[in-house]
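Trainee: Could you go through this model with me, starting with the charged side chains?
Mentor: Gladly, let us look at it together.

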Amino acid sequence: MIFWGFVMWFVGAVAGIMALLVGAQGISEGLTHHGWHYFAHLVDPAHLTAKKIVFVVGILLVIVGLIVFFIGRAKARRTGDDGKAGAGAIKYWRDMKGEYKKITWPTFKSVVKNTGITLIMCALVAVFIIVVDLGLSALVDLFLSLK
């Protein structure tokens, strides 16, 4: 729970900072023209933009992330798992590294063969779609000309 709280906080902070940097001029103009009433315009549908949505979502993620983080810390302290917060993540990465070593990678020859088969199949499907489209277009033209 601590980990996900931190992740939500980090993603929200990054999104909020990026939206703030992208829309910094608009925010500063809004604050100078409208004062603190600018924040009332932040959620007004008439003044809603994608930058404002990203900014608000980022701020909400930061708030929720911090709440989840601190709830997780409180639970960890109560159960005595305070020092083991990152142990699960370390075990996950070790296990992933072990599984990564077990992968059997294809040879260059098989990659070239499979790529060729894929390209040929894409071309055949494209030709099939073109033929069906032309046939249906001719059929529609025929029906429309039967007045």
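Trainee: How many salt bridges does the count come to?
Mentor: The count comes to two salt bridges, where a salt bridge is a side-chain nitrogen of Lys or Arg within 4 Å of a carboxyl oxygen of Asp or Glu. Keep in mind that this is a predicted model, in which local features need pLDDT of at least 70, side-chain atom pairs count only at pLDDT 80 or more, and totals for chains, interfaces and linings use all residues. Residues are numbered from 1 along each chain as its sequence is written, and side-chain values use heavy atoms, with hydrogens and water left out.

Trainee: Which residue does Lys-91 form a salt bridge with?
Mentor: Lys-91 pairs with Asp-95, and their closest N and O atoms are 2.8 Å apart. The two residues are four apart in helix H5 (residues 87–101), so about one helical turn separates Lys-91 and Asp-95; helices (H or I, at least four residues) and strands (E, at least two) are DSSP runs, numbered from the N terminus.

Trainee: Is Lys-91 buried or exposed?
Mentor: Lys-91 is exposed, with a relative accessible area of 51%, while Asp-95 counts as partly exposed at 42%. Buried here means under 20% relative accessible area, exposed over 50%, and partly exposed in between (1.4 Å probe, protein chains only).

Trainee: And what about the salt bridge of Lys-102?
Mentor: Lys-102 forms a salt bridge with Glu-99, with the closest N and O atoms 3.2 Å apart. Lys-102 counts as exposed at 60% relative accessibility, whereas Glu-99, at 48%, counts as partly exposed.

Trainee: Switching to rings, how many aromatic pairs does a search of the whole structure find?
Mentor: That search finds two aromatic pairs. In Tyr-92 and Trp-93 the ring centres are 5.5 Å apart and the planes stand at 75 degrees, so this pair is edge-to-face. The rule is that rings of Phe, Tyr and Trp (its six-membered ring) pair if their centres lie within 6.5 Å, with planes under 30 degrees apart counted as stacked, over 60 as edge-to-face and the rest as tilted. Tyr-100 and Trp-105 form an edge-to-face pair as well, at 6.2 Å centre to centre and 70 degrees between the planes, and both of these residues are exposed.

Trainee: Zooming out, what does the secondary structure of the protein chain come to?
Mentor: The chain has six helices and zero strands, and of its 147 residues, 13% count as buried.
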